[in-house]
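Here is a short tour for anyone meeting this structure for the first time.

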Amino acid sequence: MINAMSYVVVQTPYLAQWLDMAGSHIGLQVECMQPDACARLRMDEKVQRLLVCAADSMALTMGYEVPAAADLPRVQQALEAAGYPTTAGTEEEKRLRGVIDFFHFRDPDGNRIEVAWNLQSAATPFQPGRPIGGFRTGELGIGHVALMTAHFERMCHLYKEVLGFRVSDRASAPFKVEFLHVNPRHHTIGIADTGTGAGIYHLMLEYNDFDDVGRAYDMALEKPECIGVTLGRHINDHVTSFYLKNPDGWMFELGWAGRTIGPDWQVEELPGMSLWGHDRTWLPPEKRAEARRILRRLADSGLRAPVVTHTQTAKAKQ
Ligand SMILES: [Fe+2]
């Protein structure tokens, strides 16, 4: 039913700082809709992939896409039957998002979720905020989101049984986490029971070119306090990335070379979260030490993963 995460809506008390980071650091295209109130951020040919709006407090809304108009009422009925009341989007909301139709509901943690059909393409080509090789989107959607939940079982039930997401893999230490997919991207959502209550952990955006991760990392090193997780490579989706704190305190994962999976995928229990790197600077010292022990164990085992690239644009320019 749902085939991708096609956009997110960000509410923030720090709009100006957000737009500065989005354009000059991440390389998104910033298009102001209403000065000091609302901007569209573009990653590709679509009119927006992040809609950023000024608000008193921060929030992140995920916008999931269905392939056909007829899927919208189908998903809506499934949600209503499962006890999730839904509300149709207003004309103004549809206009700002650039979608033909959508509705919204609240997940068990109170996050607003939108289900949309037909995100429009822009009339002009994508122009990144700085010279980068673009982002990997298309049928894979904009990336993945990782949420910390206070209702692990209910959240997993919602995504798997009601919305039709499929399990990619899971881990039980240092905390319970489940990764789910809806298209060949290894995961579109990660749901983690960290014991810290509900919150947004990160939103992963994938560059086409490895050098663009490195350059974003260089820029982050100028203000090291904004690096939430150092450069490293994930054990499950094989993304090489680092995590950049945004003005609201949650993070962008800026990555490259995410693996895609197919119908023959086998669910795994993960032996760790990263093949190497990814020092989580925000973890308490004992958890950081545990993470280092896991990395050492993986290094001793010699576990490695192939790098598979689909979209490296630098080669095409040679
Ligand atoms: Fe991630």
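## A cluster of rings

Start with W18, W250 and F252, which are linked into a cluster by ring pairs. Keep in mind as you look that this is a predicted model. Across the structure, the count of aromatic pairs comes to 13. A pair of aromatic rings is described by the distance of the centres and the angle of the planes. For W18 and F252, the centres are 5.5 Å apart and the planes stand at 70°, so this pair is edge-to-face. W18 belongs to helix α1 (residues 15-26) and F252 to strand β16 (residues 251-256), so their pairing ties together parts that are 234 residues apart in sequence. Are these two residues buried or exposed? Both W18 and F252 are buried.

F210 sits in helix α5 (residues 210-221) and W256 in β16, so the pair connects parts 46 residues apart in sequence. The two partners can also be described by their accessibility. F210 has a relative accessibility of 35% and counts as partly exposed, while W256 is buried, with a relative accessible area of 9%.

Strands of a sheet pair through backbone hydrogen bonds, either parallel or antiparallel. Which way does β13 run beside β16? The two strands are parallel and are joined by 6 bridges, with L205 standing opposite L254 of β16. Strand β15 (residues 240-245) also pairs with β16, here in the antiparallel sense and again over 6 bridges. In that pairing, Y243 has E253 of β16 as its bridge partner. The hairpin of β15 and β16 has 5 residues between the strands, and G249 takes a positive phi near 95° there.

What does V213 touch, leaving aside residues up to four places away in sequence? Its contacts are Y207, L231, T240, S241, F242, L254, G255 and W256. For a sense of distance, look for D107: the C-alpha atoms of V213 and D107 are separated by 32 Å, and the two residues are 106 apart along the chain.

## The open sheet of eight strands

Now move to another part of the fold. Here 8 strands form an open sheet with mixed pairing, in the order β2-β3-β4-β1-β5-β8-β7-β6. Its edge strands are β2 (29-34) and β6 (87-88), each of which pairs on one side only. The partner of β2 is strand β3 (residues 38-42): the two run antiparallel and are joined by 5 bridges. Within this pairing, V30 stands opposite L41 in β3.

Helix α2 (residues 71-81) packs on the sheet, where it touches β5 (59-66), β7 (99-106) and β8 (112-119). The direction of α2 makes about 5° with that of β7.

## The largest pocket

Rolling a probe the size of a water molecule over the atoms shows where empty space is left. The largest pocket has a volume of about 620 Å³. How many residues line it? The lining is made of 39 residues, and F175, Y201, M273, R280 and W282 lie nearest the centre of the pocket.

Several elements give two or more residues to this lining: β9 (143-148), β11 (176-181), β12 (189-193), β13 (199-207), β18 (274-277) and α6 (285-301). Of these, α6 gives the most, with 6 residues.

## Two histidines with positive phi

To finish, look at two histidines in loops. H238 has a positive phi of about 65° although it is not a glycine. This residue is in the loop between β14 (227-234) and β15, and at 10% relative accessibility H238 counts as buried.

H278 also has a positive phi without being a glycine, at about 60°. Its place is in the loop between β18 and α6. With 1% relative accessibility, H278 counts as buried.

Technical notes
Residues numbered from 1 in each chain as written. Predicted model: local features only at pLDDT ≥ 70, side-chain atom pairs only at ≥ 80, totals over all residues. Heavy atoms only, no water. Phe/Tyr/Trp six-rings, centres within 6.5 Å; stacked < 30°, edge-to-face > 60°. Helix = DSSP H or I, 4+ residues; strand = E, 2+ residues; numbered from the N terminus. Buried < 20%, exposed > 50% of the residue type's maximum accessible area, 1.4 Å probe, protein only. Pairing = 2+ DSSP bridges. Contact = heavy atoms within 4.5 Å. Axes fitted to C-alpha atoms, helices over the stretch in contact; angles between N-to-C directions. 1 Å grid on protein atoms, 1.4 Å probe; cavity = no way out; pocket = protein on both sides within 12 Å on 5 of 7 lines; lining within 4 Å. Points joined across faces, edges and corners; volume = space filled by probe spheres on them.
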